[in-house]
Amino acid sequence: MTLEIGLLALESILLIATIILLVYSIKEGKQRDKLILEVGKATKILTRQEYFLNVLDSMMDAKEEIRGCITGRIPAGEDNKMTRDIVATIERRVKDGISFTYLLPKFPDRLHVGYLYSKAGAQVLYSSCLMVHNIRFITIDDKTVVMGIPESTGEKQATRKGYRIPSEGLAMVLNNYFETCEKQITFKDYVNEVMSQTGATTKHLASEYQIDEAELKKLTGKS
């Protein structure tokens, strides 16, 4: 009888332990689901149009500084309007005291967007470092990141969707990469480099890359 009581007691203890583990498992599952839900809310997948609209909204929300690593491709079709909106927003926010810095890959056809952004009041830099060919993002006040993703691999592929990520840690990491991207040169210096390498004049560049020649000479100090 004593053995039967002992086995019954052991079975009861195991049953209680199983119930406790089951309760903890259910609780953990709920917490995991809650975490996934919160991550889903924080990281929203954006379409191409939503991506650019979020870029514009983020520019308007900025309090101090915006940094961007962008492709700088010459806009075409519907992108022309979006580019005009971005340029207008840069002009408006620069007057509010917001600083803008953009990093573009060193391709001559990227002079068009560099010219537009420089004219609007942004600091435009060019580099051939790995990051500028592989990552597209803007950081807002070291707090939020809007990251763009191409449809397929390649620096010349258009951004098709993106993510808005409220993360100071990610913004800090991307800004550190931004600062350490080697051999950054200004828009003016890159124009001079292209002219030196190709023998082109400001007139040639203005015609080739849809830039106002007088404004180009003003921005670069060329006569």
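This is a predicted model: local features need pLDDT of at least 70, side-chain atom pairs count only at pLDDT 80 or more; totals for chains, interfaces and linings use all residues.
The protein comprises nine helices and eight strands. Of its 223 residues, 37% are buried.

The largest nonpolar core contains 39 residues. Within this core, the residues with the most contacts are Met 59, Ile 90, Tyr 102, Leu 111, Tyr 117 and Leu 205. Helices and strands both supply the core: the elements that give two or more residues to it are the helices α2 (48-61), α3 (79-95), α4 (111-120), α7 (187-198) and α8 (202-208), together with the strands β3 (99-105), β4 (123-127) and β5 (136-140). Another core, of 12 residues, lies apart from it and includes Cys 69, Leu 103, Met 131 and Phe 178.

When its neighbours within four places in sequence are left aside, Leu 205 is in contact with Leu 111, Val 191, Val 194, Met 195, Ala 200, Gln 210, Ile 211 and Leu 216.

One of these partners, Val 191, also takes part in the packing of α7 against helix α9 (residues 213-220). The axes of the two helices are 9 Å apart and meet at an angle of about 110°. Because angles of 65 to 115 degrees count as roughly perpendicular, α7 is roughly perpendicular to α9. On the α7 side the contact is made by Phe 187, Lys 188 and Val 191, and on the α9 side by Leu 216, Leu 219 and Thr 220.

Ala 214 lies in helix α9 and counts as exposed because its relative accessibility is 55%, where the cut-off is over 50%. Although Ala 214 and Thr 202 are 12 residues apart along the chain, their C-alpha atoms are separated by 8.9 Å.

The backbone also deserves attention in two loops. Most residues other than glycine have a negative phi. Gln 210, in the loop between α8 and α9, has a positive phi near 55°. At 52% relative accessibility, Gln 210 counts as exposed. Asp 142, in the loop between β5 and β6 (144-150), likewise is not a glycine and has a positive phi, of about 60°. With a relative accessibility of 42%, Asp 142 counts as partly exposed, since that class lies between the 20% and 50% limits.

Where is Leu 130 placed? Leu 130 belongs to helix α5 (residues 130-134), and at 67% relative accessibility it counts as exposed. Leu 130 and Pro 105 are 25 residues apart in sequence, and the distance between their C-alpha atoms is 9.3 Å.

Conventions
Residues are numbered from 1 along each chain as its sequence is written. Side-chain values use heavy atoms; hydrogens and water are left out. A nonpolar core is a set of buried Ala, Val, Leu, Ile, Met, Phe, Trp, Tyr and Cys residues joined through side-chain atoms within 4.5 Å. Buried means under 20% relative accessible area, exposed over 50%, partly exposed in between (1.4 Å probe, protein chains only). Helices (H or I, at least four residues) and strands (E, at least two) are DSSP runs, numbered from the N terminus. Contact means heavy atoms within 4.5 Å. Axes are lines fitted to C-alpha atoms, for helices over the stretch in contact, and angles run from 0 to 180 degrees between N-to-C directions. Angles under 35 degrees count as roughly parallel, over 145 as roughly antiparallel, 65 to 115 as roughly perpendicular and the rest as oblique.
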